[in-house]
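Subject: Structure handover

Hi,

Here is the structure I promised you. Please open it next to this email and follow along.

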Amino acid sequence: MNKRDNERIVITGVGLTAPNGDTLDEFRRSLLEGKSGVCAVERPYIGKVLAGVCDFDPCKYQSRKAIRIGTRAGSIAIYCANEVLHSANLELGKDAPLERTGVFLGITEHGNVETEKEIDEIRRYNDDTSYWSHYHNPRTVANSPAGEVTVNLGITGPHFTIGGACAAGNLGLVTGVQQLLLGEVDLALAGGVSESPSSYGIFAAFNSQTALAKNDEPEKASRPFDRDRNGIVVSEGGAVFALERLDHALARNAAIYGEITGYHYNSDASDMVLPNSERQAECMAAAIRRAGLEPKDISIVNTHATGTKMGDIKECEALRKVFGDACPNTYFNNTKSFIGHCMGAAAALELAGNLPAFEDKIVHPTINVDNLDPACELPNLVCNTPRVVDRVDHILNNSFGMMGINCVVVVSRFRRNG
Amino acid sequence: MTREEIGQAIIKIVSEVNPDEDWTALTPEESLRGKLESMDFLDVIMELRKQYGVEVPEKDYGQLATLKSSIDYLEPKLADK
């Protein structure tokens, strides 16, 4: 399969904020050093909960007024978008026209945080809705986080968010790829963001579902594949990639982090919450086929596993269907064990954290596996300590979300001749 | 509230609404609207309601043009606050 350069989409920059790092270098170092980003926080009504919270400085790229009238998701997106431009050595208006730049961000949900705040506010005034902020509408329109980026950077090309539950980060990336292949833009700032821990409702809902992680030691709370896992750690964060057609990237002599060679998305069509391992396996297999690969070619599978009892088992079933025992050079890991579940940002952040493996050939581990659940056993599951491998050529990134949305992306080491 | 207290309250509110501006050198006759966009001004009206229980009807918005005119307008409304 020989694609022309204008049919190949490459990653030329990464901007991120994670609960354990505000740059790719810092994030990667935390993943290799076993540093968790989970901590205890207080939230209204529900009290103390465990969460992954970022500590980037929003004032780095925003005025204080812009922070006041915007949203947390917007601040995260703006931070990531500005960082990715630095990372990619991109000057908007020079390397890419403002009207040929697009912003495509995955979100799990948006508006819960803002709505809860307004309800709390009017409660102080006898539920008088005349105290409801006029900013509620711009804050809660679904395109808000991507729109805040365009306002901040003066980008006049398209922007929108992609609602894809916990598969949204990959869907944002895929949308960027498609917009480039359609010729709609020359530069796509694509990925995902999450402000979920600022909402008390999401904690309460997972708690009611008996799917909220609890642990006396916060850094131990997110423990996919471990026998004693007890649920999800809700986290915030963001990752935005600079995506370009290869000819565009080469023309400006850009550094290339990897090439998006395959993806697929499908729907379980079976349950609002429970995952479906058949559809997950089909999604992975189709993404690998689109990349022109076989399962044994995949070097790292970054799993979606969130630390719920059934979700982790279902994904392992799907992984066994696709990879079986015949892929001795395929290693499995999990990033949520460090940072919790960054929701709309999860897939994008988790992919970002693995991209440096093309260079350093280290598979970051899944931590907190004190007693591996026999139902989650996988060959080459990298537990607790990093694994140095001979080569990393292809990374498969899983993401699955509520309502049965699945999205899998394959990123390959960049080779000039494909 | 005294006129001085009202003036301080207004400065505090506009500083919260637009924290990027330097409000320390605001003169009594200077236009507040020069440093407040229309949406900011609505927030000032909202904060007066929330923090001091003062209702400013839309027809009176023009009374809040400067610090001095705002104090003049608000003084009777805040006399017993």
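Below is what turned up, starting with the domains and ending with the cores.

Keep in mind that this is a predicted model.

**Domains of chain A**

Contacts link 59 residues of domain 1 of chain A to 53 residues of domain 2 of chain A.

Look at the side of domain 1 that touches domain 2. Several elements of chain A give two or more residues to this side, including α1 (24–33), β4 (101–107), α7 (168–181) and β8 (237–245). Helix α7(A) gives the most, with eight residues. By class, this side of domain 1 has 30 nonpolar, 21 polar and eight charged residues.

**Cores**

The largest nonpolar core holds 106 residues. A:A77 and A:V409 have the most contacts inside this core. Helix α3 (residues 72–87) of chain A is its top contributor, giving nine residues. Where does this core lie? Domain 1 (9–251) and domain 2 (260–412) of chain A both give residues to it, so the core lies between them.

Now find A:V409. Leave aside its neighbours within four places in sequence. A:V409 is then in contact with A:N170, A:L173, A:V174, A:I260, A:Y263, A:A287, A:L351 and A:N397.

Another core, of 14 residues, lies apart from the largest one. Among its residues are B:I6, B:V44, B:L67 and B:I71.

Best wishes

How values were computed. Residues numbered from 1 in each chain as written. Chains lettered and ligands numbered in written order. Predicted model: local features only at pLDDT ≥ 70, side-chain atom pairs only at ≥ 80, totals over all residues. Core = buried A, V, L, I, M, F, W, Y, C linked by C-beta atoms within 7 Å. Buried ≥ 20, exposed ≤ 12 C-beta atoms within 10 Å, placed from the backbone. Helix = DSSP H or I, 4+ residues; strand = E, 2+ residues; numbered from the N terminus. Domains from an automatic or database assignment. Contact = placed C-beta atoms within 7 Å. Nonpolar A, V, L, I, M, F, W, Y, C, P; charged D, E, K, R; others polar.
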